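Biologist: I am new to this model. Could you take me through how its parts meet?

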2 protein chains.
Amino acid sequence: MKLYGYFRSSAAYRVRVALNLKGLKPEQAFIHLRRGEQKAAPYADLNPEHLVPALEVGGRLLTQSMAIIEYLDETHPAPPLLPADPLDRARVRALALAVACDIHPLNNLRVLQHLKSALGHSQEEVDGWYRHWIAVGLTALEAQLAGDARTGRFCHGDEPGLADVFLVPQMANARRLDCPLEAYPTLTRIEAACQALPAFAEAAPARQPDAEA
Amino acid sequence: MKLYGYFRSSAAYRVRVALNLKGLKPEQAFIHLRRGEQKAAPYADLNPEHLVPALEVGGRLLTQSMAIIEYLDETHPAPPLLPADPLDRARVRALALAVACDIHPLNNLRVLQHLKSALGHSQEEVDGWYRHWIAVGLTALEAQLAGDARTGRFCHGDEPGLADVFLVPQMANARRLDCPLEAYPTLTRIEAACQALPAFAEAAPARQPDAEA
């Protein structure tokens, strides 16, 4: 197993947490997104999406963090990242997808670069865009988590799972951009519970071999 | 079962196709996104994400099209929307997520409205943004599908599945915005195979009870 990642990629961060929760330690390769290594050979030939993460396994290259993590959960079922009941599974997947579809894609590096280079926005305007979509997304997540008795110490019950794996890297992005977080007491409480676990703490961007200041 | 949707929502369109493939006919409610009904009571109280689709089932409100469709596949396994092998499942989920995470969120109505109202872009610039992200995303999808022997009459083999459910509504959006499609022969071939099936054809926006010209 070989993970292609980048320390600051929020999607790669999710996969690092999932691997840690499963006790898996794949070989790692680092694709420097700010230098554009994802758009150049050899990585660009391997992954036409020009994104990280990707996981090489069984002679295949798996892409998309959610698909990779579902694969890890199917092939290494303990500890489970999804609950057993279909309605609960749908809840946990929806919480993860609220990050993966409604927040993160709008704040992806290539989108921020496009706002600057193609649409001519200033860094200040781009940062405003970033914070806007984080605020919209986290407000919805806070309401969903605070209003559901299935929320426990973690997003779903008292064990960490798929939704937590997606929440923590998104909260890290919010903190990096100095987004105000007072309005999200449930999210920050769950984030703190996760960060107390080595699987989450050791997956942090600053602790990766390719980390930069 | 009750589906909250909007004829032109690409994410609701996916769920309509999945329901048709499973032979399910839920009650329907229509949330007019352009009139802002998703942000007003009673729907806004029901779904804090202020998005469609949502599926009311078993006393719960399921959100996020991917989570809803995985739920339908788990609870109504025939015909299956995912293959049996974990590596193949990861491939099919990744193709669906390439649409759900890398194309559609950038072209969502609320994002286009924000580009206009908050960032002051013209309709022409907003259309350019829309077409840019469709071109980036479809180029990657075409490369992934054309370069993999597992692609068949449909995205994965010769039966329609999860990836097709996501591809067809995205192609409909591309056509609505007059995006050039000559560079995607595999995608247009698969799209045509899907559109020949009633499950896809009957889910089209123009054929919904709330459709407008």
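Biologist: Which residue forms a salt bridge with Arg93(A)?

Modeller: This is a predicted model, where local features need pLDDT of at least 70, side-chain atom pairs count only at pLDDT 80 or more, and totals for chains, interfaces and linings use all residues. Residues are numbered from 1 along each chain as its sequence is written, chains are lettered from A and ligands numbered from 1 in the order written, and side-chain values use heavy atoms, without hydrogens and water. A salt bridge is a side-chain nitrogen of Lys or Arg within 4 Å of a carboxyl oxygen of Asp or Glu. With its closest N and O atoms 2.6 Å apart, the partner of Arg93(A) is Glu70(A).

Biologist: Which helix supplies the largest share of the side of domain 1 of chain A that touches domain 2 of chain A?

Modeller: An automatic or database assignment sets domain bounds, here 2-79 for domain 1 and 86-200 for domain 2 of chain A. Between these two domains the count is one salt bridge. Helices (DSSP runs of H or I, at least four residues, numbered from the N terminus) H1 (10-22) and H3 (65-75) of chain A each supply at least two residues of that side of domain 1. The largest share, eight residues, comes from H1(A).

Biologist: How much area do domain 1 of chain A and domain 2 of chain A bury between them?

Modeller: Contact means heavy atoms within 4.5 Å, and 16 residues of domain 1 of chain A are in contact with 22 of domain 2 of chain A. Buried area is the accessible area (1.4 Å probe) that two parts lose on being put together, summed over both. With 66% of it on carbon and sulfur atoms, the buried area is about 1700 Å².
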